[in-house]
Amino acid sequence: MELTINGRKTPVDDAAIAPEMPLLWVLRDVLELTGTKFGCGVAACGACTVQVDGVAVRSCVTPVSAVAGKAIQTIEGLGTADAPHALQHAWVQHQVPQCGYCQSGMLMAAAALLKKTPRPTDADIDAAMTNLCRCGTYPRVRAAIHTAAATLRGGAA
Amino acid sequence: MKVTRRFVVFSGLAAAGALVVGWSGLPPRSRLGRADLLPAGAGEVGLNGWIKITAEGLVQLAMPFSEMGQGVHTALALMAAEELDIAPGRVQLIAPPRDTIYGNVAMFAGSLPLHPTATEPGHESTGARLGQWMVRKLARELGISVTGGSSTIADSWVPLRLAAATARAQLLGAASLRWKLPVAEFQIDDGVVSHAAGGEKAHFGELAAAAAVTPPGEVRFKPRDQWRLIGRPQPRRDAAAKSNGSASYGLDTRLPGLLYAVVRHAPALGGVPGRIDPAGALKRAGVERVVRLGPLAGSTDAVAVVGRSTWHARQGAQAMEIDWRGRPSGALDSNAILAGLEAQARAAAEHDDGFDFYSRGDAAGAQSAASNRLEAVYSAPYLAHATMEPMNATARFNPDGTVEVWAPTQVPDSARDVIARVAGVPVGQVLLHVTLLGGGFGRRLEVDFIAQAVRVAQETGGRPVQLVWPREEDFTHDFYRPAGVAVLRGGLDAQGRPVAMSIHSAGDAITPRWMARTLPALAGPVDMPDKTTAEGLFDLAYDIPNQRMAHVATRSGVPVGFWRSVGHSHNAFFSEGFIDEMAHAAKADPVAFRLALLAGMPRHAAVLQLAASQAGWGTALPAGRARGVALHESFGSIVAQVLEVSVETAGGNPRPRVHRVVCAVDCGTVVNPDGVTQQVESSVIFGLTAALHGRVDIVDGEVQQKNFPDSPLLALRESPTIETHLVPSTNPPTGMGEPALPPLAPALANALFALTGQRLRNLPLKLA
């Protein structure tokens, strides 16, 4: 099987997986892309959020067979060390992370939101950001999304 | 002889002390550590047990404390950078070897049941000083490395800065000998020592070898007015790595040939597997083996399935047929336990029974003489930790006989001990790597999951194994915040002044159970009274002339553990809710009523006044909104919160909505104000989850909340605005990982009373 992850064609050893194996475990345990996290296994917490064709998807319940041929983006592909995504900039600027475990999923969900809604209201953020955080970073997540949205629109508030 | 609190505490300490250290009048031994304690790589020079200098002039700081989100890696690096005058980014954190200099002294000193009137900074009582000295000395000798009890900054404040200041003195001394110039004429700028007039210049790396053999002379801390880092908001050193997926938690450990093991415990607490048929698991592709696990470090019997991925192992674990047997001593039931606790608390109140944690005046006499008498019963349920990173550890038996473990843990020394015990090797053959923690909150003060990983790795022929608990195992086999019940009585005189308050509570003690699991060498044959059962009840700052606080320690059989803010997490709800009831009975304003009782506690009064003024206490609110207040000290930090609430209707049911939380804090000297602000926000939201949603129900032995859909966390859309205001202070710092949590639930309940007239005395809060 071949997956397209962060713009790269990535072969996956068929013997190492099964078609119904969730994408999360292919990423983490087979491809060792550990930025995507395991939190609950039932699509409730969002720690495993990635984008498939630009849409936020909970990879812990997404069979790998369902994403063959689609564009998968993980936190490792959101930005680079030299050129972080505007959200990653805003995350550091607002000092969002605490333990940090949920933040990959938060960022991938936020990036999908901004693709669809470049000027999100608080209500848009409330509706889109259903990821769980035990450390309580929510107020800073909200502020950082607004900042990143403004940056992506070219600085206009 | 009547056994008093003081007798028990001091005789226990003295006996333990005599056994472990022998007593002398000397202060606790230095924690500076030898220069060769930290293994030195090429070009590196150790100056003491905390500080090493690289050839390039970077500072390496030994970091015995775990980073679980609370920001201590950032704060401690700042403290070292401040004393050494180097940019925080040029301080690298390194894992220390095992040594008692890294042992946490402040956490153990905080375990004494001392009343706040005896521990006000600068006004400590003789008894408090003596007790603290004894515990500090004992803890220094034991030298146990722990991250918990909001103690990291308080514990490292002196030894870590002293290590950095000593290194600085040696580096300056080396420059002085080299250049034949007086130290007083040097300056240090970002790790470069220079002499302005003569033009001499050398970075730390060029001076380190000479510094190592230069006596430091008299070492002084940098004066407070010269601080450039401490007290100013500083960014977290881990923010970028935690925003790009590169931060590595325990579960991210990847090793050549790594296998994955998934654990399955009995559905019921304390249940054991009877007949196991591993065939269903073993016939599945990708499943390698099934390992039966006995009780290890507090865990119950379990089965682990080993596979080539976490998913393969999980599929195998679910496919396995296991004939589970119930808990041998009968199934647990949380409703029955809570009813039992209430009966015991009521009986204790009736007969003035229970372990006496605090007595002042004649509470019973003053209560019966009071013109207005109140009584209320408060309760709190069991709670789960639910760290976002599920329990896990990775273990490997190496060909050279060492056992190597990667674990997200708050207790590295206990982890090393349990690894050695399970593996059957001397502790010197254990190599432990403490990873980042995806949340701790006390759950990772336990080592059960580490022991299980080592046990499974014994069966895999040298291949490393990552053992993972599915979320359902985490919820259903936690060490829960104990349930608690308290009967509170208060008496007011004819003018509405409080003249008596007595509290009788019942609940499981945590510390003795935890010691048996995690520090078995120190666990005693009988339970010592556990301060954590009564903290937040016996240690109130209010000047009420007649007081009594007694606790009945129970043993429910439910596994209980330390949960963020421990006893304060529910006891503050009891005490601050009841104080609000007394204010209402006195027809007094809740802030004014409290302030009148704080004349002798100016720090508490200042914190309360700051929160009230910032929140606009007493000013008009839009219709349908009300405010509530609570004030609570825990772990040496004082926090007041004012909440603004309304009630919305969801599915026909009234539901509290918190709009604004104004928080005032006195935590002594603030190392990183932004770190404190983050921890306040964290504690408020953690506290709201507990106050609105948090419960663990045990029915027929089985925990009913099995995953996040059954046990919701507060969501982003429910998050209030949170404002943090810090009281300036020159006292030594106290921790803030927990203290902003306890006042949240009572402030919320008090606001809901102001809004609806409903007095909610049971957690989680449910409006009728």
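Predicted model: local features only at pLDDT ≥ 70, side-chain atom pairs only at ≥ 80, totals over all residues.
Chain A comes in two parts, domain 1 spanning 2–77 and domain 2 spanning 86–152. Their C-alpha centres sit 21 Å apart, and the contact between them draws on 15 residues of domain 1 and 13 residues of domain 2. On the domain 1 side, strands β3 (49–52) and β4 (55–58) of chain A each put in at least two residues. The biggest giver there is β3(A), with three residues. Sorted by class, that side of domain 1 holds seven nonpolar and seven polar residues, plus one charged residue.

Chain A also meets chain B, with 45 residues of chain A in contact with 48 residues of chain B. On the chain A side, the elements that hand over two or more residues are α1 (23–30), α2, α3 and α5 (138–152). Of these, α5(A) has the largest share, at four residues. The class count for this side of chain A runs to 26 nonpolar, 13 polar and six charged residues.

Turning to the inside of the model, the largest nonpolar core contains 288 residues, and the members that touch the most others are Ala261(B), Ala304(B), Val305(B), Ile450(B) and Leu748(B). Helix α5 of chain B, residues 152–179, is the top contributor to this core, with twelve residues. Leu748(B) is worth a look in the viewer. Once neighbours within four places in sequence are set aside, its contacts are Gly628(B), Leu643(B), Val645(B), Pro656(B), Val658(B), Ala691(B) and Leu765(B).

Chain B also carries an open sheet of seven strands with mixed pairing, in the order β10-β11-β8-β18-β15-β16-β17. At the edges are β10 and β17 (430–434), each of which pairs on one side only. From one strand to the next, the twist averages 20°. Within the sheet, β15 (392–397) and β18 (465–468) of chain B run antiparallel to each other and are linked by four bridges. A handy landmark for that pairing is Ala395(B), which stands opposite Val465(B) in β18(B). Helix α11 of chain B, residues 412–423, lies across β16 (403–407) and β17 of chain B, and runs at about 140° to β17(B).

Gln95(A) is not a glycine, yet its phi is positive, at about 55°. The residue sits in the loop between α2 (86–93) and α3 (103–116) of chain A. Gln95(A) has 21 C-beta neighbours inside 10 Å and therefore counts as buried, the cut-off for that label being 20 or more. Finally, the peptide bond between Leu763(B) and Pro764(B) is cis, with omega at about -10°. Pro764(B) belongs to the segment after α20 (744–756) of chain B.

Note on methods
Residues numbered from 1 in each chain as written. Chains lettered and ligands numbered in written order. Domains from an automatic or database assignment. Contact = placed C-beta atoms within 7 Å. Nonpolar A, V, L, I, M, F, W, Y, C, P; charged D, E, K, R; others polar. Core = buried A, V, L, I, M, F, W, Y, C linked by C-beta atoms within 7 Å. Buried ≥ 20, exposed ≤ 12 C-beta atoms within 10 Å, placed from the backbone. Pairing = 2+ DSSP bridges. Axes fitted to C-alpha atoms, helices over the stretch in contact; angles between N-to-C directions.
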